[in-house]
Amino acid sequence: MIKAILIFNNHGKPRFSKFYQPYSEDTQWQIIRETFHLVSKRDENVCNFLEGGLLIGESDNKLIYRHYATLYFVFCVDSSESELGILDLIQVFVKTLDKCFENICELDLIFHVDKVPNILAEMVMGGMVLETNMNEIVTQIDAQNKLEKSEAGLVGAPARAVSAVKNMNLPEIPRNINIGDISIKVPNLPSFK
Amino acid sequence: MVASSSSLKLQDLIQEIREAKTQAQEREVIQKECAHIRASFRDGDPLHRHRQLAKLLYVHMLGYPAHFGQMECLKLIASPRFTDKRVGYLGAMLLLDERQDAHLLITNSIKNDLSQGIQAVQGLALCTLSATGSAEMCRDLATEVEKLLLQPSAYVRKKAVLTAVHMIRKVPELSNIFLPPCAQLLHEHHHGVLLGTIMLITELCERSPAALKHFRKMVPQLVHILRTLVTTGYSTEHSISGVSDPFLQVQILRLLRILGRNHEESSETMNDLLAQVATNTDTSRNAGNAVLFETVLTIMDIRSAAGLRVLAVNILGRFLLNSDRNIRYVALTSLLRLVQSDHSAVQRHRPTVVECLREPDGSLSRRALELSLALVNSSNVRAMTQELQGFLESCPPDLQADCASGILLAAERFAPTKRWHIDTTLRVLMTAGTHVRDDAVANLTQLIGGAQELHAYSVRRLYSALAEDISQQPLVQVAAWCIGEYGDLLLEGSCEETEPLQVEEEEVLALLERVLQSHMSLPATRGYALTALMKLSTRLRGDNKAAILEKIPLVERGGSQADEEAKESKETAQLSEAAPVPTEPQASKLLDLLDLLDGPSGDAQHPPPLDPTPGGALIHLLNLPCAPPPPAPIPNLKVFEREGLQLNLSFVRPPGTRTLLLITVTATNTSGGDVTHFICQAAVPKSFQLQLQAPSGDTVPAQGGLPTTQLLRILNPKKAPLRLKLRLTYNHFGQSVQEIFEVNNLPVETWQ
């Protein structure tokens, strides 16, 4: 069983966390801090498995992590999970995020952190592996996003109108239209933010 | 168009928070936003509720309180819109876990969502249920989930199956509901559903022997599925590095392990396939190795053919040599699992395991240590201990305790000789003394005590070790104990088993004194040293304890000097007579020392200076590292007199330590009024060390009542001229008095 999934950057700032066991909020924060402390001490050429850690490392548990550029992806699992299998799972997760965000970087994770739980939920559920086929996951996410967009419907109309106008390629409108003797001044369209 | 902050988009909030330069600024931004969110919740704006909650969940991730959003989660979940439900369920998982009172309120919404037809919504409900569903909720919703197992949508089926696993964990009786559908689910082609089904069956089998029996019938079917995966593959979509759905393969292998354990028939059915997987899997990529490891573990756990077992362990051995550290780690972990059941097979790889001790990678060396300790047996104990001692010297501190206790345990179980055992324990104490368990000292003393033939050897080794280093407490304690017990053997002469070691008495005593006074020594260690000194006081003299008790003279108050002298010489004569022949040379050596200390008078039989306190002679006795003949006398000194209060100093230079001076300050009061709150403090030059012991009291009673005494211990390592300043404070005749003065006319014998 997967106990927790954590993403934090090289300085220990948490970018995403999901706990599959009911830890109190304080405990959750301590776990994040402690995990960063353990993982950041590791060299580059060592294995991806860590034991220890007082809170999350009860006899059975271990930390399996991968370091991608500025981010650490850490899965805390118990002995019922295959260590090498989890390594592959992390890879699938990152690849899926990559597909959904189109070349994911830390900034994407920061600004679209609300999308990450949805993606993860298609892969891991209740601490167990649900789906490992990246295409299936991405297809589902797309379908759900479409559903959301279609619901935005009427409520979103004003916002959609504004963005439509913004994107319109207005040709140069002459400032003065001369129709015979009448001079009509065309007002400047206000700029939409 | 400027958006009002109550409809600030999540991205904008994130941006604002990022722009905050300090923690305080961030707090401010967030508190302001939370106020808006709260207001928005109060106003009940249904259109933007999901956006507000999304922002709230974001600040919750940053560590700020968000409990006031709990009710909003409920409202959003109850909304018909998918957008609302999505955020609402997410919020529920974060804010409405089992411990919250409002938790049960989501049950109804989940029930509705499970049965209405949109699969995305059903998925949300199942996800939340499997993440936070309480036992009560699971009971309520079990039949709904059961229905979903037969849904046309594979997406819903796969989520329902995993939810069932969670429900069984929460409410084991629900196994009855979820067992029957498994047979049909095994015919699934959809990998996700199949994966979930295998997990469900695994969970059921682990919980009930009846289920285990039931599912054994499906072993052939499982074998078939796995074979198809391995050979042709169901779909290329699930392949990872060319291996067809390794996750599913691994899960099936695990289930086969459980089913084949202790069951001949099942084991036989899977034998061929396991052999095939073990030999044909591509090991160039991680995915293949994951499958291979699982195969090896399954082979070792079931009743497999002997040849297959050998193959499996050899695979592990090969992996131990792999350049990929992850592979080595998993190999070590797997071997550890096998070391009990297949000990001899694992032993064959001992050299490689020991190599892994030298790994700089902490995770690997930790595993290697565990495995090495498990591999120690009576035939390899010497070699292994050597390796482990080497490891102990250079291993990271967090492993030292485990390594030290591991070595000591192995030594206890497999020590070939007592001497080896003592040597090994000694080496551990010297290397990692601070990390050994508390009983190490007791165990070693018992070990030494019980090995009579090794007493001389032990005391010599311990003495040498102690002389080098008095900081490792357990070692110091054992050494002090040993020197106390067998000090006579230490001084005796040579022992064949060690290098010749000529030790003088004073060296031994000086060493113990060093231990006593060292700031590194714990109180317990000082206790050991004191006890050793007391024991030595008899053993070095050769007398038994009864004699020393006898010798304490009763000093009568006001007894004449002559009487004193006569008594003392009688006693010392007794002393010399009582000493048995072998210790004669020692006694005379002591007397020689005293001769050196003595002034021109040359008479070593002088009585101790007359001391008004009855316990005076006793104090002398106890202060001396070895029993008297009486120390060389130094004349008393009267240093202070005021209105009947008199202060006298008496000096003792104990033989054996040329740098030590003991001063007894005696205060007597011949006046008519008591002296109260009497405090005497002393100061000496920098190169000296002064220790003031507690006085016998702070009142000097009037009219020649019981005087107060106080002992000063002065160490003079540089043998500099002694200077002493005293400060007295007391109350006398209703007045408080303070006197500070330097003691003049200190006799040279006090420091020369």
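Predicted model: local features only at pLDDT ≥ 70, side-chain atom pairs only at ≥ 80, totals over all residues.
Arg169(B) is partly exposed, because its relative accessibility is 33%. Glu203(B), by contrast, has a relative accessible area of 8% and is therefore buried, since the limit for that class is under 20%.

Glu203(B) also forms a salt bridge with Arg207(B), in which the closest N and O atoms are 2.9 Å apart. Both Glu203(B) and Arg207(B) lie in helix H12 of chain B, and because they are 4 residues apart there, about one helical turn separates them. Arg207(B) is partly exposed, with a relative accessible area of 38%.

A further salt bridge joins the side chains of Arg99(B) and Asp97(B), at 3.1 Å from N to O. Arg99(B) has a relative accessible area of 48%, so this residue is partly exposed. Asp97(B) counts as buried, because its relative accessibility is 13%.

| Salt bridge | N to O distance |
|---|---|
| Glu203(B) and Arg207(B) | 2.9 Å |
| Arg99(B) and Asp97(B) | 3.1 Å |
| Lys158(B) and Glu136(A) | 3.8 Å |

Over all chains, the structure holds 40 salt bridges.

**The interface of chain B and chain A**

How is the size of such a contact expressed? The accessible area lost when the parts come together is often used to give the size of an interface. Here, chain B and chain A bury about 5,400 Å² between them, and 56% of this area is on carbon and sulfur atoms. Within the area that chain B buries against chain A, 12% is supplied by Met61(B), Arg86(B) and Phe247(B), more than by any other three residues. The contact involves 63 residues from chain B and 58 residues from chain A.

Polar and charged groups also pair across this interface. There are 6 salt bridges between chain B and chain A, and 24 residue pairs are in polar contact. On the side of chain B that touches chain A, H9(B) gives the most, with 8 residues. By class, that side of chain B has 30 nonpolar, 18 polar and 15 charged residues.

One salt bridge between the chains is that of Lys158(B) with Glu136(A), whose closest N and O atoms are 3.8 Å apart. Elsewhere, a network of salt bridges links Glu51(A), Arg367(B) and Glu370(B).

Met1(A) is placed in the segment before strand S1 (2-9) of chain A. Is Met1(A) buried or exposed? Met1(A) counts as buried, because its relative accessibility is 16%, which is under the 20% limit.

Beyond its neighbours within four places in sequence, Met1(A) is in contact with several residues of chain A, among them Tyr20(A), Cys76(A), Val77(A) and Gly127(A). Met1(A) and Met128(A) are 127 residues apart in sequence, yet their C-alpha atoms are 5.8 Å apart in space.

Key:
Residues numbered from 1 in each chain as written. Chains lettered and ligands numbered in written order. Heavy atoms only, no water. Helix = DSSP H or I, 4+ residues; strand = E, 2+ residues; numbered from the N terminus. Buried < 20%, exposed > 50% of the residue type's maximum accessible area, 1.4 Å probe, protein only. Contact = heavy atoms within 4.5 Å. Salt bridge = Lys/Arg side-chain N within 4 Å of Asp/Glu carboxyl O. Buried area = accessible area lost by both parts, 1.4 Å probe. Polar contact = N/O pair within 3.5 Å; in protein donor to acceptor, adjacent residues only side chain to side chain. Nonpolar A, V, L, I, M, F, W, Y, C, P; charged D, E, K, R; others polar.
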